[in-house]
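Reader: I would be grateful for a close look at one part of this model, followed by an account of how the remaining parts relate to it. Please keep the discussion to what can be read from the coordinates.

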Amino acid sequence: MNFNCVFSDCNYKQNNIKEEEFLKHLREEHHNELESIAKKEEIPINMAEMITVSNSKVFINSP
Ligand SMILES: [Zn+2]
């Protein structure tokens, strides 16, 4: 999968990585953002992670 991190102040972008690798990035770099999404949307943090992962997926190769 290709990922382009959905958080606007983050430049993380990787092609051909596994979802788990992106998840690792989220947990290391965006724990606070994920917590505030979970709180705001009243959803469990793992659901906030899943949504962020799917929003960060890129389906075409970007240069
Ligand atoms: Zn990021």
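This is a predicted model: local features need pLDDT of at least 70, side-chain atom pairs count only at pLDDT 80 or more; totals for chains, interfaces and linings use all residues.

Author: Strands β1 and β3 run antiparallel and are joined by 2 bridges. Within this pairing, asparagine 2 stands opposite valine 58 of β3.

The metal site comes next. Four residues coordinate the zinc ion: Cys5 and Cys10 through their SG atoms, and His25 and His30 through their NE2 atoms, at 2.0 to 2.3 Å. The angles among these 4 donor atoms run from 101 to 116°, and the site is tetrahedral. Along the chain, the donors follow the spacing C-x4-C-x14-H-x4-H. Cysteine 10 sits in the loop between β1 (2-4) and β2 (13-14), whereas histidine 25 is part of helix α1 (residues 19-29); the pair therefore ties together parts that lie 15 residues apart in sequence.

Cysteine 10 and histidine 25 are both buried. For cysteine 10 the relative accessibility is 16%, so this residue counts as buried, the limit being under 20%. Cysteine 5 is likewise buried, with a relative accessible area of 6%. As for links between cysteines, a search of the whole structure finds 0 disulfides.

Most residues other than glycine have a negative phi. Asparagine 16, in the loop between β2 and α1, has a positive phi near 55° although it is not a glycine. Its relative accessibility is 67%, so asparagine 16 counts as exposed, for which the limit is over 50%. Glutamate 42, also a residue other than glycine, has a positive phi of about 55°. This glutamate 42 lies in the loop between α2 (31-41) and α3 (45-56). With a relative accessible area of 73%, glutamate 42 is exposed.

Definitions and conventions: Residues are numbered from 1 along each chain as its sequence is written. Side-chain values use heavy atoms; hydrogens and water are left out. Donors are N, O and S atoms within 2.8 Å of the metal (3.2 Å for Na, K and Ca); water is not among the atoms, so sites may look incomplete. Four donors count as tetrahedral if all angles lie between 85 and 135 degrees; four count as square planar and six as octahedral if opposite donors are over 155 degrees apart and all others between 65 and 115; anything else is irregular. Helices (H or I, at least four residues) and strands (E, at least two) are DSSP runs, numbered from the N terminus. Buried means under 20% relative accessible area, exposed over 50%, partly exposed in between (1.4 Å probe, protein chains only). A disulfide is a pair of cysteine sulfur atoms within 2.5 Å. Two strands pair if DSSP finds at least two bridges between them.
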